[in-house]
Amino acid sequence: MLRALERPPNNPSVAIATATKPPSTHMKQNYMKANSSVFRATFARIASLLHLTSFVVFARPACAADLPALNPVIGCEALATVNLDTATGAKTQIRSARIVTELGKSYCRVNGKVAPAVGFEVRLPMSHWTQRFVQTGCGGLCGMIDVKLDKADACRPAQNGELVLASTDMGHEGGMDGAWGRDDYQARVDFAYRGVHVTTLAAKALIEKFYGQKARYSYFSGCSDGGREALMEAQRYPEDFNGITAGAPAMNFTTQNSFYHGWNAVMNQRADGSPILTADKLPLLHQEVLEQCDAADGLKDGLISEPQLCRPDLSKITCQAGRSSDACLTPEQAQVTQKLYRGAHDEADRGLVIGGPLPGSEINWVGVFVPPPGQTRALSGMISEGTIKNLDSDPNPPAGFRLRDLRFNESTFRTTTRLHALYDATDANLAPFFKFGGRLILWHGLADPHISPMNTVAYYHAMLKQLGTDAVQKSTRLYLFPGGAHCGSGEGPFDFDLMSAMIAWVEDEQSPGALIASHSSTPASRPNGVPPGPPPGPTGASIPDRTRPVYPYPQLARYTGHGSPDDAVNFTAVTGQAWQVNESWYGASFFSSHDHLWCDGNTNHFDCRLSP
């Protein structure tokens, strides 16, 4: 059990500044609701702290200094008899321990289960272990074990098989409809936070037994729900990991998988179930948005650097009398598009989510809330209906609940978010994590259709308010990738080596500056965190065709005007505009320092407390 940690007092003096008005008529100035001089001072402070890093754009971290390599002190098969009950705090069964060789590298693969049903896998190198442990997150609603480390292509220890890797199914087997949790409340607890933590405990115990010593450094890497898991670890278990990377975190789980996806699905569906906005219209819509907002950053390159400032006017592409509907949006489609941008809200126009998908993401809506050609349903409807019916609520809605029964009002919001303190990872007080030397990198693609980047920016702002600028800048970075989709892929450069940056920061105190991101015409594989299904783009060998520096927020990359705009060397850092965080939606208070629910699941209810 971890002791209760005291929270430092709030720091009300921290805020974010606005910058100058952008050049496009479609880009509007946003202001925070507080003293503008304080905003400017804070933003200037952040920019000054990042100033030196902007000049090391092309110095890629070398994944830190070499650590002495160790070999096992016992055989792989011996791990099958190790007792992990004390380490995990629950009955733990090792189901198998055997040597596996892949790509010329051998490791001991251990599969086990922590009671009642948390499956885990740990992969321990059979030679040349350099004393690092990396646990990877699981996307969607998990339900499977997928040990895959993304964003580490240039990290030598990762590529050489020198890392212990682990992952978990988070306590269940099953799909995206959440049916596994309807009558299994402990499965919900294991999914919320426990499954990842007990896997960490099991992995660390196996490492110590296998190599005769503990891991020197421990890291967590996750995207999507894996990003939520990453933040949950930092918030609930601050001593588990030295470095945590959280991509596109589904931190607002109770609203994200209900109102965000539910609104998008319902708004784009007629009473007969047919879609309103169809996949064939998205290229038209996307091109018009680019025409209006792409060049606002001084370079017309098919990417929008500050999409939060873009306010698309769809009148030009809305069908008028005598125009073919193939070359324009019907009035009904144009209206739905604006509802999607706006995000879920009630009749009083108050938000039920922090925001909708950002302008510039349109091409990525296919399959999420715009059905693929020839289909009538998309992922959002399934996610929302299943989460509300089987996971979010206590007590459960009727078994016959359907998405059409969802009401977009305050009453439903309060009911749906009753378990916010169980599922959501929005606690902005990371002082305990930072106290133990923890480092956090947040990252998000700005063209993400699954999770609005506004959530991640809002969380970063909440940390600034809670902990102060200096504390956050010492231990946290936020990277926003123009044109990046969900966890990977997209039109913008979104392949980058995150693991090297984190290891260098934790082990050598090399604060990360710009990350060099690349775009490839043929993405090599499905990024971790993307729900199962066809890959989000063509597969095959990765062929970079564009590189771009991505600087820590609030800095942006600006084209120097010389050389190819597809080459990172021709960009420099400038300070961008602050994002206006929606502080009027119903869940605005979620982004704060708050207590967590620590629960035990019984047959049909939770037994919860406010401390571990």
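Reader: Which residues point one way from S3, and which the other way?
Author: In this predicted model, Val118, Phe120, Val122 and Leu124 point one way from S3. Gly119, Glu121, Arg123 and Pro125 point the other way. All are buried.

Reader: What makes S2 and S3 a pair?
Author: Two strands pair if there are at least two bridges between them. S2, residues 105–114, and S3 have 8 bridges, in the antiparallel sense. Cysteine 108 stands opposite leucine 124 in S3. The two strands, S2 and S3, form a hairpin with 3 residues between them.

Reader: How many bridges join S3 to S5?
Author: There are 4 bridges between S3 and S5, residues 163–168, and these strands run antiparallel. Valine 122 has alanine 166 of S5 as its bridge partner.

Reader: What is the angle between H6 and H8, and what does that make them?
Author: H6, residues 253–267, and H8, residues 331–342, pack at about 175 degrees, with axes 10 Å apart. Angles over 145 count as roughly antiparallel. Therefore H6 is roughly antiparallel to H8. Trp263, Asn264 and Met267 of H6 meet Val336, Lys339 and Leu340 of H8. These contact residues divide into 4 nonpolar, 1 polar and 1 charged.

Reader: How do you know that H13 is mostly covered?
Author: The cut-off for buried is under 20% relative accessible area. In H13, 14 of its 15 residues are buried. Glycine 468 follows H13, with a positive phi near 95 degrees.

How values were computed
Residues are numbered from 1 along each chain as its sequence is written. This is a predicted model: local features need pLDDT of at least 70, side-chain atom pairs count only at pLDDT 80 or more; totals for chains, interfaces and linings use all residues. Side-chain values use heavy atoms; hydrogens and water are left out. Axes are lines fitted to C-alpha atoms, for helices over the stretch in contact, and angles run from 0 to 180 degrees between N-to-C directions. Angles under 35 degrees count as roughly parallel, over 145 as roughly antiparallel, 65 to 115 as roughly perpendicular and the rest as oblique. Contact means heavy atoms within 4.5 Å. Ala, Val, Leu, Ile, Met, Phe, Trp, Tyr, Cys and Pro count as nonpolar, Asp, Glu, Lys and Arg as charged, and the others, Gly among them, as polar. Buried means under 20% relative accessible area, exposed over 50%, partly exposed in between (1.4 Å probe, protein chains only).
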